[in-house]
Amino acid sequence: MAHDTQVTGVVSELTAAKLLMTSLGYEVAKPFAPEVYDLLARDPVNGKAYRIQVKTLRVRTDRDNALVVYARKSNGQPYTQDDCDYIIGVNGNRAFMFECEGLTEYWSTEQTAKKRWIELGASA
């Protein structure tokens, strides 16, 4: 049986793929061979494909409900622009997409996330 964190990761990836397709109309693919990124998504407007890393977004109630995405690889290093173009943080049926900047953690409030991050599924 899969470990709970593996199940959570797969559910987050499926949620991100669904929201990319329904919210933005992207085409979404998953690599057959293991890659650093989780999904490949093609923008229907500009035709470009983007490498996307999916992570679980956590709401830090001890930090005024800050939205936090931990973006470390299994070796503890941050994802860089060589690894992926965007990171999607998933919490339930909500997700936020933002550019990979090589940070180990991405923090935002609800208000700043609406300005700096792309919310997927806000109306989906």
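Let me start with Ile52, which, once neighbours within four places in sequence are left aside, is in contact (heavy atoms within 4.5 Å) with Leu20, Tyr37, Asp38, Leu39, Ala41, Tyr86, Ile88 and Met97. Please keep in mind that this is a predicted model, in which local features need pLDDT of at least 70 and side-chain atom pairs count only at pLDDT 80 or more, while totals for chains, interfaces and linings use all residues. Residues are numbered from 1 along each chain as its sequence is written, and side-chain values use heavy atoms, with hydrogens and water left out.

Ile52 also belongs to the residues with the most contacts inside the largest nonpolar core, which has 16 residues, the others being Leu20, Leu39, Ile88, Met97 and Leu120. By nonpolar core I mean a set of buried Ala, Val, Leu, Ile, Met, Phe, Trp, Tyr and Cys residues joined through side-chain atoms within 4.5 Å, where buried is under 20% relative accessible area, with a 1.4 Å probe and protein chains only. At least two residues of this core come from each of helix H1 (4-24) and strands S2 (39-42), S3 (49-60), S5 (86-91) and S6 (94-99), helices (H or I, at least four residues) and strands (E, at least two) being DSSP runs numbered from the N terminus. H1 gives the largest share, four residues.

Helix H1 also holds Ser12, which counts as buried because its relative accessibility is 6%, and which touches Val54, Thr56 and Val90, not counting residues up to four places away in sequence.

Finally, Gly121, in the segment after strand S8 (118-120), lies 101 residues from Leu20 in sequence, yet their C-alpha atoms are 8.3 Å apart in space.

Technical notes
Buried means under 20% relative accessible area, exposed over 50%, partly exposed in between (1.4 Å probe, protein chains only).
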